[in-house]
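Here are my notes on the model you sent over. Have it open while you read, and click on each residue as it comes up.

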Amino acid sequence: MRYADFVDYSTLDPFKRRVIETLEPTLSKTERLGVRVVAESLGEPAALLDFMDDDFMLAFKSDGVGTKGCIADDMVRAGWEGDVADLYSGLGVDLIAMNANDLICVGATPLVLSDEIGSGRSEWFADEARVAGLLQGLRRGCDEAGITIPCGETPTLPDVINPDTANITGSMIGIVRPKERARWGQALECGDVIFGLASSGIHSNGLTLTRRIAERLPQGYFTPFTTPGDHWTLGQELLTPTRIYVQPVLEMFEAGVELHYLSNISGSGWRKVMRCRYPFTYVIERLPEPPPIFRFLQERGEVSDYEAYQTWNMGMGFCLYAPEGEAEAIEGICAEHGISVMRLGHVEEGKKRVMMRPLRIAYSHL
């Protein structure tokens, strides 16, 4: 099975590039207010706005949890007998994680989120346990990322959104202060070490393929995932919240750790290792052992390593690129937050690609 059979980035990415090209003439419109769009940040995880007369920038981005919410909805419709709130609480964390983890890539401290929870019918919000769980997750995510949610929207869109689910998205603003903290790859250089930070599970990417695999199983999301007696199912495992990397990364900036580039490993999996706009070759010499969920999905869906590593995070949710001398500081701060970190490889001069030597796999475009 292939993710491209359901979601084709070869069609989506050209559209994204066309949007940037079409709207490029409008970039200068903010300058009359003393605000410059940092053109070099376009294509990065978040866009940067330079307040030219002040010592700060703002970072802005929009993202959502994708089709992950469909898993919780499907489990409830199929007769889930556990706490419904537990199924939805992780989705609130996911929404904040998907935005905040991108903002810190450009050196920003996340500040505020505006959520948009669109439904196919307003009755989706009538389930008190569902709503309570989602709100609990949003509160937890705010605490973990150090943000607040001062506004939002709940559009009901019949015939646009499936009436049995909701589209959970949002937009986030962060601040870069001082401006020297801003990152878009300008400091990345040959010899930099690639550090991988462990994920908490599948996070919120590649779920469309994952759901198709679950549909093949006789018990679907209720398929036992761990040893008998643990009462843990595939669906619960897939709904594990996305890890938020905000606090350890901000501590690194505050401690003066020399971070040359940062990349959130989200859509496109390990292809995101080469997200930087500048031409480098990223040599991966070591790989983390994939958590059991990924091997489970590969076996049940007959998914190759090549496909798996360009669809899922495979155990590595975030990348830091830094000189060798920063290893001790990076590893120490991650340890304080209970996050495993691995030296995956290094950056070399060469054409833009990711060379995954242990698997004899190469990805040549993002």
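1. The accessible surface of the chain comes to about 16,300 Å², and carbon and sulfur atoms own 51% of that. Keep in mind that this is a predicted model, so every value here is computed from predicted coordinates.

2. Now the overall build. The chain has 10 helices and 13 strands, and its C-alpha trace spans about 55 × 50 × 40 Å along the principal axes. How does the radius of gyration sit with that of a compact globule? For 366 residues such a globule would be near 21 Å, and the chain has 20 Å, so the two agree. Buried residues make up 53% of the chain. Of the contacts with a separation of 6 or more, 80% are between residues 24 or more positions apart.

3. Have a look at helix α1, residues 9-23, where you'll find leucine 23. Together with Phe15 and Val19, Leu23 makes a nonpolar surface patch of about 280 Å². Is leucine 23 buried, partly exposed or exposed? Its relative accessibility is 45%, so it counts as partly exposed.

4. Helix α5 (residues 207-216) is mostly covered, with 7 of its 10 residues buried.

5. On to the aromatic rings. There are 11 aromatic pairs in total. Phenylalanine 51 and phenylalanine 56 are stacked, with centres 4.7 Å apart and 25° between the planes. Phenylalanine 51 is partly exposed at 21% relative accessible area, while phenylalanine 56 is buried at 19%. Tryptophan 124 and phenylalanine 125 make an edge-to-face pair, because their planes stand at 80°, with the centres 5.2 Å apart. Here tryptophan 124 is buried at 3%, and phenylalanine 125 is partly exposed at 28%.

6. Next, the charges. Side chains of opposite charge can pair when their charged atoms come close, and the structure holds 17 salt bridges. In one of them, aspartate 50 meets lysine 179, with the closest N and O atoms 2.7 Å apart. Aspartate 50 is in strand β2 and lysine 179 is in the loop between β6 and β7, so the bridge ties together parts 129 residues apart in sequence. Both partners are buried.

7. Two other bridges stay within a single helix. In α2, aspartate 74 and arginine 77 are 3 residues apart, about one turn, and their closest N and O atoms are 2.2 Å apart. Aspartate 74 is partly exposed at 26%, as is arginine 77 at 47%. In α4 (residues 128-145), aspartate 143 and arginine 139 sit 4 residues apart; the closest N and O atoms are 3.4 Å apart, and both residues are exposed. Why does that spacing work? An α-helix has 3.6 residues a turn, so residues three or four places apart point the same way.

8. Last one: find aspartate 53, in the loop between β2 (47-51) and β3 (56-64). At 72% relative accessibility, aspartate 53 counts as exposed. Its C-alpha atom is 52 Å from that of leucine 234, which is 181 residues away along the chain.

Terms used:
Residues numbered from 1 in each chain as written. Predicted model: local features only at pLDDT ≥ 70, side-chain atom pairs only at ≥ 80, totals over all residues. Heavy atoms only, no water. Patch = residues over 30% accessible without salt bridge, like charges linked within 9 Å, V, L, I, M, F, W, Y side chains within 5 Å. Areas by Shrake-Rupley, 256 points an atom, 1.4 Å probe, with all protein chains shown as cover. Salt bridge = Lys/Arg side-chain N within 4 Å of Asp/Glu carboxyl O. Buried < 20%, exposed > 50% of the residue type's maximum accessible area, 1.4 Å probe, protein only. Rg over C-alpha atoms; globule rule 2.2 N^0.38 Å. Contact = heavy atoms within 4.5 Å. Phe/Tyr/Trp six-rings, centres within 6.5 Å; stacked < 30°, edge-to-face > 60°.
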